Amino acid sequence: MATVSVTTAISASQPLAASELAHACGADTEWVVQLVEVGIVQVTAAEAPPERWQFSSADLQSALEARRLERDFGVGLDAAALILDLQHEVRRLKAVIRAHGLR
Amino acid sequence: MEFKDYYSALGIDRTASEEDVRKAYRKLARKYHPDVSKEADAEKRMRDINEANDVLRDKEKRAAYDALADRVARGGHPQGDFQPPPGWDTGFEFHRGPNQGPADHADFSEFFSSLFGEAERRGAAKRNYRARGEDHHAAIEISLEDALNGAEREITLRSQETDAQGRPSFKTRTLSVKIPAGMHPGQFIRLAGQGMPGHGGEPAGDLYLEVRIAPHRLYRVEERDIYMTLPVTPTEAALGAQVKVPVPTGGAVEVTVPPNARSGLKLRLKGRGLGGKQPGDLYLLLEIALPPATADTTRKAYEQLAQASASFNPRQHLGV
C-alpha cells in the first residue's frame, strides 16, 4: 500500500525560502547570502532581508552543484560561479543540438 | 549485496594518503563528469566514485570501512552475499559535519546505505543533537505526456532499520507521488517529511525529486520548449498548405505552412510547451520530403518542374 505524500512543485507560486534552500543543501542561511553575492542564485531584491528572498528550482539545482564543487574540489564560490556558468552553457548548447535533431 | 571495494573504485590502494584520495577523486570526476565524458557508462561511474569519495575522504568512515574490509577478508564472504556483521562499527562514530553538503545518499548503493545511513543517525543520537532531519535528493524520470498532463506515480524508497539481532535490514516503502501538470525538466518536486528522520525529536527532512523527461519518439525537449520535425512535400512547402500535426497533449491541430517555406523553417505554436502557468512553445522544424521519382507520372512531373524552373540556380552563391 503506497503512502500518499504531500507533494509540492517548486515554482514561481511555491518558491523556496532562503532557510529551505540552505537546509536542502546541508548549509546555513549565511551560505545562501554568499551565493546571492556571487550570483550563483538569483533574487529579485538582493537588498531585501534574506527572510524575504524566494528561490526557484533552477536556484536549488545551482546551489546543490555549488555545494558539491566546494566540498569535492575545494573551489571558492567565485570559481564555482564561473564553472556553473560554463556548465549551463554546455548543457544549453547540447540541448539545442538535440532539439534540432543533430545528435 | 556486493561488498564494494572503494579503493579500486578510485584506483588507489589502502596506503593512500588523504591527498592521494583527493587527487584520485578529482582526476576521475573530471574523466567521468556526465557533462564532458565520452564514456558510455559515465553516469554510473560518477556515482560510484562519488560514493567511494564520500567514505574515503572522511577519516571516521574510512577507518571503519578499513576495519570491516579486514574482517571480510578474514571471514571470506562469498561474492554478492555480503551482510555487515553485527556491531561492525563499534567504536566508530560518524558525524555529518557542516562541510559535508547535501545528504545525497539517495543516489548511493545499498551497500553504502547499509553501512553509513543508520550509523550517521546513531552518531547524531549519541551526541544528544537536536536538528531537523537532512533533506534527501533523487531524480524521477517521467514521460513528456505525464509532464504535460500531470500524473500519479509510485516510487520505492529504501530505508534502513536495525533488527532484533542488531543487524541492519532494509525496509522498502512505496510512496505515491502526485506530479502536477506542466512540470519542466530540472524542476523539483518536494515531498514533505520524506527525507532523513529528525534528530532528538525534531521533524524529518524533505525529499526533493528532480524531474527528468524521458526521450520521446516524436518530440525533443529544450527547457520549456518542445521541438518536432515536420515533414512536408515540396508542393506543400512551395505553395503553402494546411497540414495536420499531432500535439503532445494529445490529438492533432491544423497548422498553416506559409508559401515558399524553406527546409529548416521554424513554425511556433505559442504556449504549447512545458511549464504550467508560464508555458514554453512547441516548435515545428520544417523538413522537405521528396516523393521518390520512381513512377512514370512522378518522373514526368519532376521533368516539367525542371523545365519550368530552368532559370533557378540553387548554387548561384557558390559562384558556379
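Mentor: A nonpolar core is here a set of buried Ala, Val, Leu, Ile, Met, Phe, Trp, Tyr and Cys residues joined through C-beta atoms within 7 Å. The model is a predicted one, and its largest nonpolar core has 51 residues, of which A:Leu21, A:Ile40, A:Leu60, A:Ala63, B:Ala147, B:Ile189 and B:Leu209 touch the most other members. In soluble globular proteins, nonpolar side chains tend to be buried together. The contact between the chains takes 33 residues from chain A and 39 residues from chain B. On the side of chain A that touches chain B, two or more residues come from each of strand S1 (3–4), strand S2 (7–9), helix H1 (18–24), helix H3 (57–73) and H4 of chain A. H3(A) gives the most to this side, with 10 residues, and the residues of the side divide into 15 nonpolar, 12 polar and six charged.

Pairing between strands also crosses from one chain to the other: S2(A) and strand S4 (residues 188–191) of chain B pair in the antiparallel sense over three bridges. Within this pairing, A:Thr7 stands opposite B:Leu191 in S4(B), while A:Thr8 stands opposite B:Arg190. S4(B) is joined in turn to strand S5 (residues 207–213) of chain B by four bridges, and these two strands run antiparallel. B:Leu191 has B:Leu207 as its bridge partner in S5(B), and A:Thr7 stands opposite that residue B:Leu191 as well.

In a regular strand the side chains alternate between the two faces of the sheet. Both faces of S4(B) are covered, with B:Phe188 and B:Arg190 buried on one side and B:Ile189 and B:Leu191 buried on the other. A second, separate core has 15 residues, including B:Ala24, B:Tyr25, B:Tyr32 and B:Val55.

B:Val55 is also one of the buried residues of helix H3 of chain B, together with B:Ile49, B:Asn50, B:Glu51, B:Ala52, B:Asn53, B:Asp54 and B:Leu56. The geometry of this helix, residues 42–56, can be checked simply: at 1.5 Å a residue its 15 residues should span 21 Å, and its end C-alpha atoms are 21 Å apart, which agrees; the expected span is taken as 1.5 Å times one less than the number of residues.

As for the chains themselves, chain A has four helices and two strands, arranged along the sequence as β-β-α-α-α-α, and its C-alpha trace spans about 45 × 45 × 30 Å along its principal axes. Of its 103 residues, 29% count as buried, and among its contacts between residues at least 6 apart in sequence, 49% join residues at least 24 apart. Chain B has eight helices and 11 strands; of its 320 residues, 28% count as buried, and residues 24 or more positions apart account for 61% of its contacts with a separation of 6 or more.

A last detail in chain A concerns a loop. A:Thr44 is found between helix H2 (29–38) and H3 of chain A, and it counts as exposed because it has 8 C-beta neighbours inside 10 Å, where 12 or fewer is the cut-off for that class. A:Thr44 and A:Gln54 are 10 residues apart in sequence and 8.2 Å apart in space, C-alpha to C-alpha.

How values were computed. Residues numbered from 1 in each chain as written. Chains lettered and ligands numbered in written order. Predicted model: local features only at pLDDT ≥ 70, side-chain atom pairs only at ≥ 80, totals over all residues. Buried ≥ 20, exposed ≤ 12 C-beta atoms within 10 Å, placed from the backbone. Contact = placed C-beta atoms within 7 Å. Nonpolar A, V, L, I, M, F, W, Y, C, P; charged D, E, K, R; others polar. Pairing = 2+ DSSP bridges.
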